[in-house]
Amino acid sequence: MAGLDKILSQITAEAQENAAVLRRDAEGQAAQILENAKAEAEKITINAGEEAEKEAGKTIQRYQSMADTQRKQAFLASKQSMISECIAKAKDMILGQDDAPYFGMIAKLLGDRLQAKDGILYLSEKDKKRIPAGFIEKLAGEAAKKGGTLALSDKAADIDGGFVLAYGGIDENCSVSALFEENAEELSDTVGKMLFS
């Protein structure tokens, strides 16, 4: 029996030793797996951090771009407002001129448009009341030099200032508003250059 106990003891010792080796191997493998998992997790975290950083950078760029766009739009709107205000003031200045320079301007504009036909001149109600003496006669003389006639209509034109010139049913609107509208782009460019150059 002593021999059997000895064999059993030896088998037990060997089993325990094998179990210890297996345990150490398993623990080593487990530690290696854990180490690999930690490394992989760290790598994922770093990549996620880099991706998050990239996303944050893109978001910042988007907001900066939006802010730049809004700033440019606000500046452009401000410029347009200033230009429009200057043009409106210029128009008011023309309409508010004293009689001599105002009707001098009308005579110059009209002189370029007189034809060798019978013409009718329409003025606003306000302008009809302030026509300088001899103005219409002078214009009629200019029309005669070109082989035509020019008469002032009894009816007032529904305009702010300037005139409407009619030849044979064809009206040419040379009101101040119409001239400003017709030349709006050029006026805007000129005023813009004067203000912002």
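Buried means under 20% relative accessible area, exposed over 50%, and partly exposed in between, with a 1.4 Å probe and protein chains only. The model is predicted, so local features need pLDDT of at least 70 and side-chain atom pairs count only at pLDDT 80 or more, while totals for chains, interfaces and linings use all residues. Residues are numbered from 1 along each chain as its sequence is written, and side-chain values use heavy atoms, leaving out hydrogens and water.

**Exercise 1. Work out which residues of helix α4 are buried and which parts of the structure cover them.**

Step 1. Locate the helix: α4 takes in residues 135–145. Helices (H or I, at least four residues) and strands (E, at least two) are DSSP runs, numbered from the N terminus.

Step 2. Pick out Phe-135, Ile-136, Leu-139 and Ala-143, which are buried. Seen down the axis of α4, the buried residues fall within an arc of 90°, so they line one face of the helix. The arc is taken from the directions from the helix axis to the C-beta atoms.

Step 3. Turn to the face away from the buried side, where Glu-137, Lys-138 and Lys-145 are exposed.

Step 4. Look for the cover: it includes α2 (99–111), β1 (118–122) and β2 (149–152). Contact here means heavy atoms within 4.5 Å.

**Exercise 2. Find the aromatic pairs and say how their rings are arranged.**

Step 1. Apply the rule: rings of Phe, Tyr and Trp (its six-membered ring) pair if their centres lie within 6.5 Å; planes under 30 degrees apart count as stacked, over 60 as edge-to-face and the rest as tilted. The count comes to two aromatic pairs.

Step 2. Take Tyr-102 and Phe-103: with ring centres 5.2 Å apart and planes at 90°, the pair is edge-to-face.

Step 3. Take Phe-103 and Phe-135: their centres are 5.1 Å apart and their planes at 70°, so this pair is edge-to-face. It links distant parts of the chain, since Phe-103 is in helix α2 and Phe-135 in helix α4, 32 residues apart. Both Phe-103 and Phe-135 are buried.

**Exercise 3. Describe the surroundings of Arg-130.**

Step 1. Check its accessibility: at a relative accessible area of 16%, Arg-130 is buried.

Step 2. List contacts, leaving aside neighbours within four places in sequence: Arg-130 touches Leu-95, Gln-97, Asp-98, Asp-99, Tyr-102 and Phe-103.

Step 3. Look at Tyr-102 again: the charged end of Arg-130 sits over its ring, 4.2 Å from the centre. The rule asks for NZ of Lys or CZ of Arg within 6 Å of the ring centre and within 35 degrees of the ring normal.
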